[in-house]
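These are my notebook entries on one structure, set down in the order in which I looked things up.

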Amino acid sequence: MREVVLVKYGEIILKGGNRPVFERVLMKNIKNALRNIAEINISIAQATIYIEAEQEKLDAVCERLLKVFGIVSVTRAGVCEKNIESIKNAVCEYCGADLKPGMSFKVEAKRSDKRFPLDSIQIAQTVGAELHDSNPGLIVDVHKPQVVVRVEVRDTAAYVYSTLNKRAGQGGMPTGTGNRATLLLSGGIDSPVAGHMIAKRGVEIDAVNFFSFPYTSDRAKEKVIELASILARYTSKVNLYVVPFTEIQLEIRDKCPEEHMTLIMRRFMMRIAERVAVKNKSAALITGESVGQVASQTIAALNVTNTVCKMPVLRPVIGMDKNEIVDRARRIGTFETSILPYEDCCTVFTPKHPTTQPRLAAIEKSESALDVEQLIERAMEGIEKIEVYPD
Amino acid sequence: MIYLDNAATTKPCREAVDAVMNACAEFGNPSSLHRLGLGAEKIIKNAKKSVADLMGAAPENIYFTSGGTEANNMAIFGAARASRKKHIITTKIEHPSVLEPFRRLEREGFFVDYIGVDAQGTVNLDELYKRLDSDAALVSMMHVNDETGTVQPVEEVRQIIKERAPDALFHIDAVQSYAKLPLQVKKLGADLISVSAHKINALKGCGALYIGQGRIEPLIIGGGQQKNMRSGTENVTGIAAFGAAARVHKADNRERIAELRKRLKDGIFERIPDVKYNGGESFSPYVLNVSFLGIKAEILLHSLEARRIYVSTVSACSSNKPMPSHVLSAMGCTPKEIEGAIRMSFDNTLAEPDIELALCALCDEVAKIRKYMR
């Protein structure tokens, strides 16, 4: 039987007059995502995207679609002719095998072609009776069935599938419908998760990483590139800006009180990230900060680092516990890379007793020992841009 | 580039690369009956002779493996499983490819003794004497330690085994000494000797086990190649390179390398304060381990790398695990000494100017890092 992939998208439907714009972007993203996987036929009708491809490529197509933002569900469906006999046969063949004795089910039908001789209720009844007869042991339950078998009679054909074929997509909004933001990407667990959460809202992501060779190694940089490439699986591309940070860290280490070291370092990171963002038409920064996780992430500390930039700083994991962040990291596939052991820049220059309740005036005073502007300019000059694509 | 990480791996020599090209042309399966098979068989035969010659062994005692790790596994599991005795002995400073098989056998019911070492890294012979008894099936020990270069008194160990447990098999992990120290099977008196190709300027993925007296169980079984001792179609290209590199190494000038090592060591002690030598009086000229107190070795490694000078923190095989060196720990080094320990390892291609450059770089970088470390 011919198969097709049905893609449902959620929130876009609520977009009123802008809806066609969002649909166009989603269609474009899907085409891009599948470009290297299969030759596809794609069409859109009644809030469903239909994708046809060679049978043996369908698994790969579905896997890839599950990473495209804006898609709520991905379902494989059987295609058949628009007459009740074909539909009955198709349902028994395509869905019957998955229905085991003892399962409860119901059939739902949708008829967008109103010329079809049976109405939705009649289709459901006929098909349900046929399924029930040919699969002994099935229980009909119209209120809380385990499996819903769906029949959609559309303009050109009828589609049959059961909810067992349906897989949940990423949700969110199509990438490219929501501006651009710049992620401070370390090698840790939190920042890739933060990036994914904002990207999911349709935002295109640039990433900034601070590189402190020889205090961190080329392997640490490889790890960050790897993380960016995992994010790119969802967004199709991430521009990664690697900022040389050693000189700044050494200057801070040399001239500022130890307990203020981390906060002053964070302030430099925010300033540089904002400049990178402005240069690349980004409208916000994203960090993986979570209240109270470390000394530099108390609310007092966030105040001190937040004051150096004018842009909004998005902190999507701000209220999450570490284990919640870890769960998400596992789901999006960044966790295994994040826990590789290569030291990232946070671990070498860590004071023994960092301030947890810093006062802005005190930090500013400590920082005044540095030529901030000159240090930033030199770091900006040394930036390496890497265009990262999915593997 | 100044490559001082030859204990991790070495650059394949011209002769080894040529041998690979030649073996790729003679691509037959050595077990095939036709003449292409014979060509490949001959390559293996020649290589076997060269590899055997370099340790004063007969070619028929050499079995090719996928490397030092497999040779060690094959020797240890093979000897333990062929014996009815349940007591096996090794030391605390072995390579993981020895220690892990011992731990596995321990879980499988063997009684294992791990002999300690002194501050120089030399095995405690008194302890060995006490632990050894006629119940022992196997004693396994490395010849040269990969992290410190300390040479173990293997001939004395052989005497102790003869006296205390004449039936026990003696396995020597000679991965760091083969082609580097004068190595004669007869003099060593070992029953099993592991060697690796890529440590002597051949390719990764090839090694050998010398099997003398005593029967061991094969580790890998299948088509019955290599007299049933190690099944699997032979890695002809790797073996060809191994043979070629062994031939080249016959002409090694160890005195010259010992001189380079001395120069580097003396230079470090003259020019850099707060350093400690990790090793013994009996050392391999190919390895030098020094602790630079008050620095993190990894940072020094990366700063040297920026100058195209390549060294190692601990043995490369275990440096992806952020745990302190088990070798230096067993020698009683302090955490600070372990944290600052760098291994520099040599080969034939290095010359005096390289050592001078490395010394200057070490002075600069150690001073720079110390400024910022607490």
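**Entry 1. A pair of strands in a sheet of chain A**

I note at the outset that this is a predicted model. I first looked up A:Thr182 and found that A:Leu285, in strand 13 of chain A, stands opposite A:Thr182. The two strands concerned are strand 10 (residues 180-184) and strand 13 (residues 284-286) of chain A, which run parallel and are joined by three bridges. I recalled the general rule that strands of a sheet pair through backbone hydrogen bonds, either parallel or antiparallel.

I then asked which helices pack on this sheet. Helix 8 (residues 261-279) of chain A does so, touching strand 10, strand 11, strand 12 and strand 13 of chain A. Its direction makes about 150° with that of strand 10 of chain A. Helix 6 (residues 218-235) of chain A packs on the sheet as well, touching strand 11 (204-211), strand 12 (238-244) and strand 15 of chain A. The angle between the direction of helix 6 and that of strand 12 of chain A is about 160°.

**Entry 2. The whole sheet**

What is the order of the six strands in this open sheet of chain A? I read the order as 14-13-10-11-12-15, with mixed pairing. Strand 14 (313-314) and strand 15 (384-388) of chain A each have a single partner strand and stand at the edges, so one side of each is left without a neighbour in the sheet.

I next located A:Ile44 in strand 2 (residues 41-45) of chain A. I found strand 2 of chain A to be hardly covered, as the count of buried residues among its five residues is zero.

Setting aside neighbours within four places in sequence, I listed the contacts of A:Ile44 as A:Glu23, A:Met27 and A:Ile49. I also looked up A:Val7, which is 37 residues from A:Ile44 in sequence and 9.3 Å from it in space, C-alpha to C-alpha.

Strand 2 of chain A pairs with strand 3 (residues 48-52) of chain A in the antiparallel sense, over five bridges. Within this pairing, A:Ser43 has A:Tyr50 as its bridge partner. The hairpin of these strands has two residues between them, and A:Gln46 takes a positive phi near 45° there.

**Entry 3. The sheet of chain B**

In chain B I found an open sheet of seven strands in the order 2-8-7-6-5-3-4, with mixed pairing. Strand 2 (62-65) and strand 4 (111-115) of chain B are the edge strands, each pairing on one side only. From one strand to the next, the twist averages 20°.

Strand 3 (residues 87-91) of chain B pairs with strand 4 of chain B in the parallel sense over five bridges. In this pairing B:Ile89 stands opposite B:Asp113. Helix 4 (residues 96-107) of chain B packs on the sheet, where it touches strand 3, strand 4, strand 5 (136-142) and strand 6 (169-173) of chain B. I also noted helix 6 (residues 154-164) of chain B, which lies across strand 5 and strand 6 and runs at about 175° to strand 5 of chain B.

**Entry 4. Domains and cores**

Chain B is divided into domain 1 (2-9 + 253-372) and domain 2 (14-249). Their C-alpha centres lie 27 Å apart. The contact takes 25 residues from domain 1 of chain B and 24 residues from domain 2 of chain B.

The largest nonpolar core has 116 residues, and B:Leu138, B:Ala241, B:Phe242, B:Ala245 and B:Leu300 touch the most other members. I examined B:Leu138 and found, beyond its neighbours within four places in sequence, contacts including B:Ile76, B:Ile89 and B:His171. A second, separate core has 77 residues, among them A:Ile51 and A:Phe211.

**Entry 5. Between the chains**

How many residues of chain B are in contact with chain A? I recorded eight residues of chain B, in contact with seven residues of chain A. Helix 10 (residues 297-306) of chain B gives the largest share of the chain B side, five residues. By class, that side has four nonpolar, three polar and one charged residues.

Note on methods: Residues numbered from 1 in each chain as written. Chains lettered and ligands numbered in written order. Predicted model: local features only at pLDDT ≥ 70, side-chain atom pairs only at ≥ 80, totals over all residues. Contact = placed C-beta atoms within 7 Å. Helix = DSSP H or I, 4+ residues; strand = E, 2+ residues; numbered from the N terminus. Nonpolar A, V, L, I, M, F, W, Y, C, P; charged D, E, K, R; others polar. Pairing = 2+ DSSP bridges. Axes fitted to C-alpha atoms, helices over the stretch in contact; angles between N-to-C directions. Core = buried A, V, L, I, M, F, W, Y, C linked by C-beta atoms within 7 Å. Buried ≥ 20, exposed ≤ 12 C-beta atoms within 10 Å, placed from the backbone. Domains from an automatic or database assignment.
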